Amino acid sequence: MNLEKQSYSAKLDKRSKYLRSLVLECLIGGDRGHMGSAMSLIEILRVLYDDILNYYPKNPKNEDRDRLILSKGHGCLALYAILADKGFFPKKILKTSSKFNSILGGHPEFDKVPGIEASTGALGHGAPIGLGIALGARINKKKFNTFVIVGDGEINEGSFWEASMIASKHKLENFHIIIDYNKIQSYGKTKDVLDLEPLKQKLQSFGYEVDEINGHNISQLKTYFKKNKKSKKPSALICHTIKGKGFYFAEQNPFWHHKNFFTDKEKKQLKECIKN
Amino acid sequence: MRKTCLETVFELAKTNKKVVFIGSDLGPGVLDNFKKKFPDRFFMEGVAEQAIIGMSAGLAMQKFRPYVNTIATFITRRCFEQVVIDLCLHNLPVTLIGNGGGMVYAPLGPTHQAIEDISIMRTLPNLTIISPCDAHDMKNLVLQTTKIKGPIYIRIARGGEKVVTEGFKSKIGKALVLKKSTKYNFLTTGITAQIALDAASKIKKKYKIDVGVIHFSTIKPLDKVLLKKIIVNCKKLITVEENVVEGGFGSSILEFCATMNNQERKSDIKILGLKSSFSNKYGTQDQILKYNNLQDDFLCKKMYKLISDDKF
């Protein structure tokens, strides 16, 4: 599959647009946030929460739930959107994002927001924590799965690769890494700042069963997550995504990685992009 | 002290199924008995401290009580962010066991000498810091770690130290009055307790003055009840620690004093610790302690001078 040539510009369906509208509530309500980093994640989270994960909004700490750690914590507005959509907390809270008394900060906190498993934001923490959770599940003979979503810039961190080696050593088949590979980090293109390629081979050599798909393609995401794994290895899914997906002026534009202060014109443009 | 600490963790594991041990490429044979008896709860991972701290956090989220052991400087310097975020921010019951607190690894040079671990760790919310002075103290304190809700840092000072707490009941959060004096006291932590006891004996022999030794095996939280009594009643206090004075144990005593009003404070306090520099010496721990004036003769002289200043 030549992913570079694959089109990511397919039109967003109603649900993807709706989830993006919830992210806009946070962004515009708080007048700031990691816009590009949230928008590249929407379809990954949508498929996980609509079709794959076991979770209990009214009892978020249920021991049998699947664990999802958003290790790229700066993408949290997308997670807030889906958690609100699933009833973990009221949607009206979204617009309080980043405000003084809000439970929703610019990075997610486990003890404030129902459904958040770990406080993240400093990068490279989610994989080690997830690895420990997966090991604990194995000792406790629990069947749940642990998913960790990491950013592409994030895996510049050595701690990710340390955790990968340990997960591989323990053959943690219940440990799943998802890489939001939008190819833009804070300063610019990942290939210029610190090239990850050949990423698939790197991950394979660290002991993962690796796949790669279009991270905005609902059917590809569903097919991947529903298939039975071939091996007892931990898995890594490279999701090719577009930073700022759905907003033509923000797509792959590093200046939309994080934004504070939106002009009236920008607010209007943002809303127009996701009109049904 | 290290051997006692790890053996006590094994003891805990025998009665508490949630106790797990994680080492970072420790020496051959460490806790082989634990590994043999509880292979599912024994992890010897590689030289990957950052991931190991995160892994311990994940295990604690699954209701385990991880005990993580490696060299103190690696726990406190290399993976500081993991300790702050994964353990302290999440307030998880992970116990970090730091080998070679202070100058234990004197011959290995500055990379292995934990001269500022107390200062670093003191700043962290939710963290309990334990610094026992001997194997007896260590055993009693480690046995109590399962009762603490949040993360713990245990500073292992050295091996084969003289046991001075026999007959005392060490308790996390409580200081031990090893030698009583109403007027003059050394406040110690870790193995400076033994040095101060020797100094107190010398002062008694030489000057016929009773000087007490109060050992703070818990640096954080401080035993504020006892500390307040001491500061209100004693005339002269010297804190002694195997750590730089900046932000260390002595600093914590002075910070506590600053919360009291002037009328309450009766004590004249001096703080002693390691020089504020990376060591340019190797040799033995005792040699370096002596080089830093952390030895009984100097303590004896210093306390006598402090008492004399008052008299004349």
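The structure is a predicted model, in which local features need pLDDT of at least 70, side-chain atom pairs count only at pLDDT 80 or more, and totals for chains, interfaces and linings use all residues. Residues are numbered from 1 along each chain as its sequence is written, while chains are lettered from A and ligands numbered from 1 in the order in which they are written.

Chain A has ten helices and seven strands, taken as DSSP runs numbered from the N terminus (helices, H or I, at least four residues; strands, E, at least two). Along the principal axes, its C-alpha atoms fill a box of roughly 55 × 45 × 30 Å. Of the 276 residues, 49% count as buried, that is, with 20 or more other C-beta atoms, placed from the backbone, within 10 Å of their own.

Helices H5 (residues 126-139) and H6 (residues 158-169) of chain A have axes that come within 8 Å and cross at roughly 25°. H5(A) is therefore roughly parallel to H6(A) (angles under 35 degrees). Axes are lines fitted to C-alpha atoms, for helices over the stretch in contact, and angles run from 0 to 180 degrees between N-to-C directions. On the side of H5(A), A:Ala127, A:Pro128 and A:Leu131 meet residues of H6(A) that include A:Phe160, A:Ala163 and A:Ile166; contact requires C-beta atoms, placed from the backbone, within 7 Å. The residues of this contact comprise seven nonpolar, two polar and no charged, where Ala, Val, Leu, Ile, Met, Phe, Trp, Tyr, Cys and Pro count as nonpolar, Asp, Glu, Lys and Arg as charged, and the others, Gly among them, as polar.

Helices H3 (residues 42-52) and H9 (residues 218-226) of chain A pack at an angle of about 50°, with their axes 10 Å apart. The contact involves A:Glu43, A:Ile44, A:Val47, A:Asp51 and A:Ile52 of H3(A), together with A:Ile218, A:Leu221, A:Lys222 and A:Phe225 of H9(A). By class, six of these residues are nonpolar, none polar and three charged.

The contact between the chains takes 22 residues from chain A and 21 residues from chain B. On the side of chain A, H5 and H6 are the elements that give two or more residues, and H5(A) provides the largest share, ten residues. This side divides into 13 nonpolar, eight polar and one charged.

Definitions and conventions: Parallel < 35°, antiparallel > 145°, perpendicular 65-115°, else oblique. Contact = placed C-beta atoms within 7 Å. Buried ≥ 20, exposed ≤ 12 C-beta atoms within 10 Å, placed from the backbone.
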